[in-house]
Structures are given as structure tokens and as C-alpha cells.
Amino acid sequence: MIKRIVRMKFKPGCESSFIDIFQRSALAIRSFKGCHHVELLNDVNDPLVFTTLSFWESEEALELYRSSELFRSTWAKTKLLFDEKPQANSYSYIEILD
């Protein structure tokens, strides 16, 4: 399982445009093969900062999504709204035994 965290800071006034893009894409992303979860978070101290958290079956599944038309079209609209370069990181889960 891969957990993907993408932090994005948007230009002032672009927040609602991004939320609209995300809402229109979220169901398709959640339905994409290999995606187990996707959610949108908003920084409590900076309303211009949003983070997506998604869970993927594998790195291969994430890369299939990243090379899909769904990703390309969504990202093309989203990146026009950025105020800073986004930060994306992928993590693997480490099980901690009690």
C-alpha cells in the first residue's frame, strides 16, 4: 500500500476553483483501478494550502493513474491556480506491532 500526500498552495482567490475541480474529479479518482482512498484537507492556519491524501494498491497503480487522461486533464486545470510549486511524497506503510 502506498500513501500519497500532495501539498499545494494556491493563489489568493483560487481556493473555490480548486475545490470545484477536486469535487468534479474525486469520484473518478476514487474509482480508478488501484485507488483505495482519496481525500482533501485544508490547512487550519493557511486557507490557501490544501493537501490531498490518497491510498494506492502499489506504486504501479499510482503511476498508471499519473499517466492517465484523468490525471493529465485534472492537473492541467489545477496547476494554473498554484502560488507555489506543489510538494508530493509517497510513503509505504510500516506496521507497528503492539
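## Hairpin

A hairpin of six residues joins β2 to β3. The model is predicted. Strand β2 covers residues 35–42, and it pairs with β3 in the antiparallel sense. Seven bridges link β2 and β3. In this pairing, E39 stands opposite L53 in β3.

## Strand β3 and its other partner

Strand β3 runs over residues 49–56. Strand β1, residues 2–9, also pairs with β3. The sense is again antiparallel, with eight bridges between β1 and β3. I2 stands opposite W56 in β3.

How much of β3 is buried? Seven of its eight residues are buried, so the strand is mostly covered; buried here means under 20% relative accessible area.

## Largest pocket

The largest pocket holds about 360 Å³ of space. It is lined by 21 residues. Closest to its centre are V6, T52, Y65, F71 and W75.

Several elements give two or more residues each to this lining: β1, α1 (15–31), β3, α2 (59–66) and α3 (69–79). Helix α1 gives the largest share, five residues.

Which classes of residue make up the lining of the largest pocket? Nonpolar residues number 14. Five residues are polar, and two are charged.

Notes. Residues numbered from 1 in each chain as written. Predicted model: local features only at pLDDT ≥ 70, side-chain atom pairs only at ≥ 80, totals over all residues. Heavy atoms only, no water. Buried < 20%, exposed > 50% of the residue type's maximum accessible area, 1.4 Å probe, protein only. Helix = DSSP H or I, 4+ residues; strand = E, 2+ residues; numbered from the N terminus. Pairing = 2+ DSSP bridges. 1 Å grid on protein atoms, 1.4 Å probe; cavity = no way out; pocket = protein on both sides within 12 Å on 5 of 7 lines; lining within 4 Å. Points joined across faces, edges and corners; volume = space filled by probe spheres on them. Nonpolar A, V, L, I, M, F, W, Y, C, P; charged D, E, K, R; others polar.
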